[in-house]
Structure formats: C-alpha cells, structure tokens
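Subject: Handing over the structure

Hello,

Here is the structure I promised to pass on, followed by some notes on what turned up in it. I hope they make a friendly way in.

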Amino acid sequence: MSTTRKASAVILAGIIFGLGIGLALGVLWWRLAPRVEFVVKSGQFVDFDTKGFMAPDVAFGALAIVAGLLVTIGLARMRREHLISVLIAAVLSGLIGSFGMWWVGHWLGKVDIAGLAGTESVVAETPLALHLGAMFLVWPIVAAAVVTILALEDWLSGLKRS
C-alpha cells in the first residue's frame, strides 16, 4: 500500500486540523490567560493594574508556537516528499487556527462592563483580548520555520549522497 498522498489532501488536512486545534486552543487560552483586574465604583473605573496587559498575548503566542510545531510536523509526516504542499497547508492551518483560537477565547472571555455600571463597588477582570496583532502570525511563522528546517535537512542529505 502506498503512503503517497495528494497535495490537496495535505492542504485539506491542514485546514481541518488548524480549525479544530485552533478552536480547542481558544478554550485553553481563555482558561489559562491571566487577566487584569480593575475596580468599578458607581460606574467609574477607579483602579487597574497595567502590568498584566501583555500576559494574554504571551499565553496566546506560547500556545501558537506549540501548535505550529506539532501540526507542521504532523503534516510533514503526511507528505514529506513534497514540502511545498506541506508549507501551504501549514501556513493555512496557522492562519485559520490562530483566528479560531482568538475568536473562541475572545468570545468566551467577554465581560459585560456596561452591566457593572449600576453596582456600588466591584472588582472585575478585563475582557480577554489580544493587544498585539502580530500574535496572529506566530503559528504560521513557526510552521514556515519547521518546513525550512526540513528542506535544509533534505538538501544537506542530498549533498552527502552526491
């Protein structure tokens, strides 16, 4: 039985895995990412700590790095003989997965700040949000780096054979 797969199968697998893993990682990001606490008193923001605003971005980036490595290695195992299709599948997977991860985490991490306006005094957490748009590119960049390393390895092994 041949293990050779068509490029379209690898690209489709990348899209499906990217979406599925991205949605699952969105839930994980929502649960793990630290949030900034703030105090609302009579509908006005009284106090908040600015030190934690980058923590959700770092958590998002860390999850994207792990996903980029694992998904790209899995796609490369599907079709190592043609790395261009792996690169296309991995970058598409990364873009779709990053967007899915952001969407789920952002949706689950909403906070009704307007609903807190009638309260006397309350401590709440900020909504889960990305402050650095470049975090969307972490997964695709890691995927491209993995494919580049695999291509370099193939090229070096070809030089040793000749």
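Where is the place of His106? His106 is found in helix α3. Before going further, a word on the source: this is a predicted model, in which local features need pLDDT of at least 70 and side-chain atom pairs count only at pLDDT 80 or more, while totals for chains, interfaces and linings use all residues. Residues are numbered from 1 along each chain as its sequence is written, and side-chain values use heavy atoms, with hydrogens and water left out.

Back to His106, which is partly exposed with a relative accessible area of 29% (buried is under 20%, exposed over 50%, partly exposed in between, with a 1.4 Å probe and protein chains only). Setting aside neighbours within four places in sequence, His106 is in contact with Trp29, Leu128 and Ala129 (contact means heavy atoms within 4.5 Å). Trp29 is 77 residues away from His106 along the chain, yet their C-alpha atoms are separated by 9.3 Å.

Now the overall plan. The protein has four helices and three strands, arranged along the sequence as α-β-β-α-α-β-α (these are DSSP runs numbered from the N terminus: helices are H or I with at least four residues, strands are E with at least two). Of its 162 residues, 34% count as buried. Looking at contacts between residues at least 6 apart in sequence, 81% join residues at least 24 apart.

What about the inside? The largest nonpolar core has 29 residues, and Leu25, Trp29, Phe60, Leu75, Val86, Met101 and Trp139 have the most contacts inside it (such a core is a set of buried Ala, Val, Leu, Ile, Met, Phe, Trp, Tyr and Cys residues joined through side-chain atoms within 4.5 Å). Helices α1 (7-32), α2, α3 and α4 each supply at least two residues of this core, and the largest share, nine residues, comes from α2. Trp139 touches a list of residues beyond four places away in sequence, including Gly18, Leu25, Ala64, Val71 and Gly97.

Because Trp102 lies in helix α3 and Phe136 in the loop between β3 (121-125) and α4 (138-161), the pair ties together parts that are 34 residues apart in sequence. Trp102 counts as partly exposed at 22% relative accessibility, and Phe136 is partly exposed at 25%. Trp103 and Trp107 make a stacked pair, 6.3 Å centre to centre with 10° between the planes. Both of these Trp residues lie in helix α3, four residues apart, or about one turn of the helix. One aromatic cluster is formed by Trp29, Phe60, Phe99, Trp102 and Phe136.

Finally, a stop at Arg79, in the loop between α2 (55-78) and α3 (83-108). Is Arg79 buried or exposed? Arg79 is buried, at a relative accessible area of 13%. Its side chain is joined to that of Ser85 by a polar contact of 3.2 Å (a pair of N or O atoms within 3.5 Å; within protein, one must be able to donate a hydrogen and the other to accept it, and residues adjacent in sequence count only if both atoms are side-chain atoms).

Enjoy exploring!

Best wishes

Key: Phe/Tyr/Trp six-rings, centres within 6.5 Å; stacked < 30°, edge-to-face > 60°.
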